[in-house]
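This report considers selected features of one structure, as computed from its atoms. The sections take up sheets, helices, aromatic rings and disulfides in turn.

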Amino acid sequence: MKFYFTSFMNTKSAEAQVLKPNRNCNLTSWVPGCEPGWACTIPQNEQVDLKNSKEIPNRTRDSQPCCAGFFCPRGLTCMIPCPLGSYCPRATLDTTTGICQPYAYQLPPGATNHSCGSADTWAGVTSSNEIFCSAGSYCPTTTQETPCKKGHYCRQGSTEQRACFKLSTCNPNTDTQNLHAYGFMLIGLLTLVLIVFYNCSDQVLTTRYERLAKSRERAAKSARETALARQRWQMAKEATKNRGIGLQQQLSSKFSRKTGDPSPLPPKFPGNSSTPVPGAPKTTKEENNLTKMLQSIEDNPDSHRGFDMAIGDKHIKKQNLKAKQLHTKSQIFKYAYGQLEKEKAMEQKQKLTFSGVISMATDAEMKTRPSLEVAFKDLTITLMNKNKHLMRRVTGKLLPGRISAVMGPSGAGKTTFLSAVAGKIRGCHISGSILINGKPDSIHCYKKIVGFVPQDDIVHGNLTVEENLRFSARCRLSEDIQKADKVLVVERVIESLGLQAVRDSLVGTVERRGISGGQKKRVNVGLEMVMEPSLLILDEPTSGLTVHPPAYSLELLDVKLLKDYTLYKMFDDLILLAKGGLTVYHGPVKKVEEYFASFGVTVPDRVNPPDHFIDILEGIVKPSGALTAEQLPVRWMLHNGYAVPPDMLQYCDEIASGSGGVSASKAVPTPEASFAGSELKDKEDHSQHRFFKPDDLSNRRTPGVLKQYRYFLGRNGKQRLREAKLQAADYLILLLAGACLGTLSKVKDDTFGYFGYMYTVIAVSLLCKISALRSFSQDKLEYLRENDSGMSSLAYFLSKDTVDHFNTIIKPVVFLSMFYSFSNPRSTFPENYAVLFCLIYCVTGVAYIFAILLQPAQAQLWCVLLPVVLTLIANQGKDDKFGRIVSGYCYPTWALEAFIIANAQRYSGVWLITRCAALHDFGYDVHNWTKCLLLLILSGILFPYPWH
């Protein structure tokens, strides 16, 4: 046997082989037993060493035809047992052709006493399939072949018949079972699930929000009634006092006339005296809860406790719960709306203005977060590799508790200035000094307490208004804040921005209409307001803003047009920029007109001052006299003693000639010490890394990665529920792909379904990559904004990956429901599912890389090209050494090898030569199935995670 199989191993082929000459069959010795289908015996007196496989024993005596159940190769003179799954009967001679059927070998010419024996060859199925048990029959022994009965199927080379699954069709003498019924049943089940999922996904969320809305309405109603009752009680109390005073004055005047005693009686008001009146009957009945409620309101009118007491309840003190003791939704909403009504009453009582509300945050007793003071000196921003200044020598300070507005014409660098202060500018060289609270720290050290509202409305469109705000509050507020207080913050922002009517409405996307543009702008602002920042920076908030924001220590607004003079007067400071990023004015709003009037620029009647100044800088309005718009930045430099750049000295001469002021030769003084203090000295040229220092100095401990992961997971789940239509489309395409590939690529026994699996790898990779791109491509801008604000990018990525696991689990079932039922491979459904699961997980991770690093159009192109190119590399021939090395690192190679191994393991017995030769040609190892799956899983894990 070893001599026979050595010929296959030497040629590495499954084709029928011609054996080399040996001691029994050669040119000088050729006995009848050397013919195909014949064999000889060993002499009786000769001992054979069975352990010696190097030498062939002398076997030349008693030549006989090969027995049934054995095969006798030509030139070997020995009988070898036929393998399981073969059928080796004695051959019959076809007298017409002289061929021994069914083995197709001829008798030697002239040998009249030579007859047909058994089989002569065992090789691959493509070259010699005569001994293979035929399809539709099974061979329990190598000499018996039995047709398959109805309800059973028998593949080629089977040793037993297999019972068909229920509901499948199996006719007599069939080699496959018809699994189309199971495929259609699985399709129907998945379709039903998808229909229910699609129709009920929004309904589940809608029902939940309806319950919350009812609970919220009850809480708001209770809070309003409580506030109204308190107001009526105070009015009644004041009326009673006034009436008591009047009555006392009348009685005093009467007694004074009778007795002549001018001293009035001491006033007594209801509820102010707890001592009994002499002669009055003693009260034996204890005070009831109504009396205690009235006394509670009398003692502390601002407290909510009195109105929250239940009449007749003996446990009054237990109802006065704190924020950390609130657990149910109704309790939390009642607490939140009660606090809001209290804040409204306080605001009305104190008659706070816009700046007054801001100043509340800087009060020593009410301050809950650190204040930030931002100072900058000679701030200059230049484009990289270009000698173009976006801003030049901007110096100033932003103080806590003051509202600053940045204004200027188009091209003045307002957005550039805000981006520089917020630490978000890229691709530019920054020189000068920026100090935070007097220290040269980066603004990124305080990113947890700094809010930046971008110019574009970067908001999740497939979430509601409240969901956007609540998520931002959960992830960015301090971890120590109780849930009830976080709800209070969100409710306060919703009410202050006027978003109550659309709080449960989707923000909207390009494909799906949502709220209006102004409301979306307010949501954009609210995302930063809910984290209660110490510094709030808004880039062009031109629409949808309320004039009653909550208390902040500092707001920095970039305002293009301020048509409302009242709104303009609400600001404390004004930063006016000219084209080229030069400062024209930086100081209090109250003194801006006085400053411009000092050199002849006056504001006409009924004209908004900022509009007039911007028109001058734009060149629309010409100032009086010889003054030009280009001189205004130089005048500000001279006014504050700043150094004038050399290319602007000619304006100094114009100013000097027009007003008899300072000449150009005197206009370059050494800059005085800045108002920011001596810390700004010798710090005029910070390197870029000074603006991106990673230390956290905000003193705010936000939720950790695990908590943020839970918040991200809930948000992503809601987003996927609202994208059920896209999910259904993905599954439908996979169903069609599985049906087409399963029909066109039947599993062939000689290749173990290689080409069908190859097309499967390409199709599944392409379809799953395209759908996985949506996980990161659609909300990349939102991710960048959240990452810049201090949210965990690891939690964001893990939550996306976790939600995508649903598709990773379901999509293999969807595809195999069609592919497996139509192609009917020998490998089991669980084995094919395991390979497809690992493949989809791997390609999803690859798609994440493209979505993160590339633009959407480029990412889609790469997702189409990559599976095709890598599959072509995986199909390189075994003679291409470089191609085989490269293919070992391609995921299509691992997936194909796992598919082929799972299928090849079901081929045994008579299929061994075919299996070994095919695996050798592909370069696969039958023991590498688990290894291939692990490589696919590791690729899906390791590819995207370094880029999160």
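How many bridges join strand 5 to strand 6 (residues 99-101)? The number is three, and the two strands run antiparallel. The model under discussion is a predicted one.

The bridge partner of Leu93 is Cys100, which belongs to strand 6.

Strand 12 (residues 374-383) and strand 15 run antiparallel and are joined by eight bridges. Within strand 15, Ser433 is the bridge partner of Lys377.

## An enclosed helix

Helix 13 (residues 609-618) has ten residues, of which eight are buried, so the helix is largely enclosed by the rest of the structure. The buried residues of helix 13 are Pro609, Pro610, Asp611, His612, Phe613, Ile614, Ile616 and Leu617. Just after helix 13 comes Gly619, which takes a positive phi of about 90°.

## Aromatic pairs

The structure holds 30 aromatic pairs. One of them is formed by Phe815 and Phe819, whose rings are stacked at 5.5 Å centre to centre, with 20° between the planes. Both residues lie in helix 20 (residues 793-823), where they are four residues apart, about one turn of the helix. An α-helix has 3.6 residues a turn, so residues three or four places apart point the same way. Phe815 and Phe819 are also both buried.

Tyr907 and Trp911 form an aromatic pair of the edge-to-face kind, with a centre-to-centre distance of 5.1 Å and 80° between the planes. Are these two residues buried or exposed? Tyr907 is buried because its relative accessible area is 0%, and Trp911 is buried because its relative accessible area is 1%; the cut-off for a buried residue is under 20%.

The residues they link are Phe471, Phe712, Phe776, Tyr783, Tyr796, Phe797 and Tyr848.

## Disulfides

The structure holds seven disulfides. One of these joins Cys25 to Cys34, with an S to S distance of 1.8 Å. The link of Cys25 and Cys34 is left-handed, with -90° about the S-S bond, and both cysteines are buried. Another disulfide joins Cys82 to Cys88, S to S 2.1 Å. The torsion about the S-S bond of Cys82 and Cys88 is about -120°, so this disulfide is left-handed. Cys82 and Cys88 are both buried.

The sulfur atoms of Cys133 and Cys139 are 2.2 Å apart and form a disulfide. Which hand does the link of Cys133 and Cys139 have, left or right? With 90° about the S-S bond, the link is right-handed. Cys133 is buried, having a relative accessible area of 0%, and Cys139 is buried as well, with a relative accessible area of 1%. Two further cysteines may be noted for their burial. Cys768 counts as buried because its relative accessibility is 2%, and Cys863 counts as buried because its relative accessibility is 0%.

Technical notes: Residues numbered from 1 in each chain as written. Predicted model: local features only at pLDDT ≥ 70, side-chain atom pairs only at ≥ 80, totals over all residues. Heavy atoms only, no water. Phe/Tyr/Trp six-rings, centres within 6.5 Å; stacked < 30°, edge-to-face > 60°. Buried < 20%, exposed > 50% of the residue type's maximum accessible area, 1.4 Å probe, protein only. Disulfide = S-S within 2.5 Å. Pairing = 2+ DSSP bridges.
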